[in-house]
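Hi everyone, thanks for coming along. I have a few local features to walk you through today, so let me put the structure up and we can look together.

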Amino acid sequence: MEQRKLKQLLSEMSLREKIGQMIQLTGIYFDDDAVLTGEVGEDQPPQWVTQYAGSVLGMIGAEKLRGIQKKYVEAHPHHIPLLFMADVIHGCRTIAPIPLGQACSFHPELVSEAASIAASEASSEGLRATFSLMIDVSRDPRWGRMMESFGEDPYVNGIMGKAMVDGYQQKDDAGIAACLKHFAGYGAVNAGREYNDVEISKRTFLEQYVKPFRMALKAKPAMVMTAFNAIDRKPISGNKELLKGLLRDKEGFEGTVISDWGSIGQLEEQGVAADMEEAAIQASEAGVDIDMMSPAYMLCLEKLVESGKIPKAFVDESAFRVLMMKNQLGLFENPFAGLGKSGKLTLHNREKAYQLAGESCVLLKNDKILPLSMKKKVIWAGPYTCLLYTSPSPRDMRRS
């Protein structure tokens, strides 16, 4: 659809329709068999929210999503399609090594191919956006999510991140929208504890934790996801200085900003918002376009706009960004684009996953160290304990 027609569509939409584009619901509101990946809470979405919600997460399956999409588009006043998203982290049906393992390959072209395969299989199953890739610099092995990143080096995260965005966002029906996460500093949580505080200097934050985002943004990812943590005691989902000032104005990001699960509502729990209304105001002013599964936008945004506490222009801008993303994916021309078009677990896909697994291996030379003696206490220390060898080719691995 031409941008002129997209703007015309926006002008014809009601306030509730626009707010709906800014709300993401979990699949349990559309299908009883959907997987629940987080807490839903006591607040149930009003009926109009389920009718107008712009995107859904946590569902997969070509026929199931085809049925939901058909029903939704027919019922929507302007026949705007849903956008189905999910955590496609290191493969959809054909599984590649975890991103931390992929980083060991030092082979961005192969990482990009693996992402392209994941995108093809995901789009064939009805998914057109992924909550990947995670380029949080991760240096504390106690953090349970570090396996989703490319490790401790900002440069490696940036190079691999850009490669993965390119692989996901191929220019056809098989492409899916990529999402850089979590902006930013999430990998620096104290003691490696999830949801913990982050206390780092501004220089460290910008030079190390923002750097991979700056590099990967050159590939023009469709989305950026906000982090749960605070920087300088200000949680990211309500942080105007970082989301508008740094991400959009300085780094030039023009895509969609999406919250992590419930992170807008958590502004109240984090003590920076007095209530859910204030949380919605802070997130809207910061430029968060999609509220993933919190009560803030679905329960408060409409009355906040009607009372003048949130400018209608904020809603228009965010809703338009979501419409633009759907348009770039070709969903207005064909809401079922990509469904059933790609094979899964094909020979080609499995060979590429095998190759990436082989190149991700790091082997150690046994220089009279192994096997360890049960009768002795052993400590390995220092940089010269073991010699690193390059990983073998898949053919060499088969021979062994």
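Let's begin in the loop between α14 and α15 (347-360), which is where L345 sits. Please keep in mind throughout that this is a predicted model. L345 has a phi near 55 degrees, a positive value in a residue other than glycine. With a relative accessibility of 46%, L345 counts as partly exposed.

There is another residue of this kind: H79, not a glycine, has a positive phi of about 55 degrees. You'll find H79 in the loop between α4 (62-75) and β3 (83-86), and its relative accessible area of 48% makes it partly exposed. Why point these out? Most residues other than glycine have a negative phi, and most peptide bonds are trans.

K181 and H182 are joined by a cis bond, with omega about -5 degrees; H182 belongs to strand β5 (residues 179-183). Then the bond from F183 to A184 is cis too, with omega near -10 degrees. A184 lies in the loop between β5 and α8 (202-209).

Now to helix α12, residues 276-286. How many of its eleven residues are buried? Eight are, so the helix is largely enclosed by the rest of the structure. Among the buried ones are M276, I281 and Q282, along with several alanines: A279, A280, A283 and A286. And what covers them? The cover includes β8 (234-235), α10 (240-250), α11 (266-269), α13 (295-306) and α14 (312-328).

Both ends of α12 deserve a glance. At the start, a side-chain oxygen of D275 comes within 3.2 Å of the backbone nitrogen of E277. Just after the helix, G287 takes a positive phi of about 95 degrees.

Next, the cysteines. The structure has zero disulfides. For C104, the nearest cysteine sulfur is that of C361, 9.0 Å away, and that is too far for a bond. C104 is partly exposed, with a relative accessible area of 33%, and C361 is partly exposed as well, at 28%.

Last stop, the surface. Which residues form a nonpolar patch there? They are V362, L364, L370, L372, V378 and W380, with about 570 Å² of accessible area together. Take L370 from that group: it lies in the loop between β11 (363-364) and β12 (388-389), and at 45% relative accessible area it is partly exposed.

That's my tour; over to you for discussion.

Terms used
Residues numbered from 1 in each chain as written. Predicted model: local features only at pLDDT ≥ 70, side-chain atom pairs only at ≥ 80, totals over all residues. Heavy atoms only, no water. Patch = residues over 30% accessible without salt bridge, like charges linked within 9 Å, V, L, I, M, F, W, Y side chains within 5 Å. Areas by Shrake-Rupley, 256 points an atom, 1.4 Å probe, with all protein chains shown as cover. Salt bridge = Lys/Arg side-chain N within 4 Å of Asp/Glu carboxyl O. Helix = DSSP H or I, 4+ residues; strand = E, 2+ residues; numbered from the N terminus. Buried < 20%, exposed > 50% of the residue type's maximum accessible area, 1.4 Å probe, protein only. Disulfide = S-S within 2.5 Å. Contact = heavy atoms within 4.5 Å. Polar contact = N/O pair within 3.5 Å; in protein donor to acceptor, adjacent residues only side chain to side chain.
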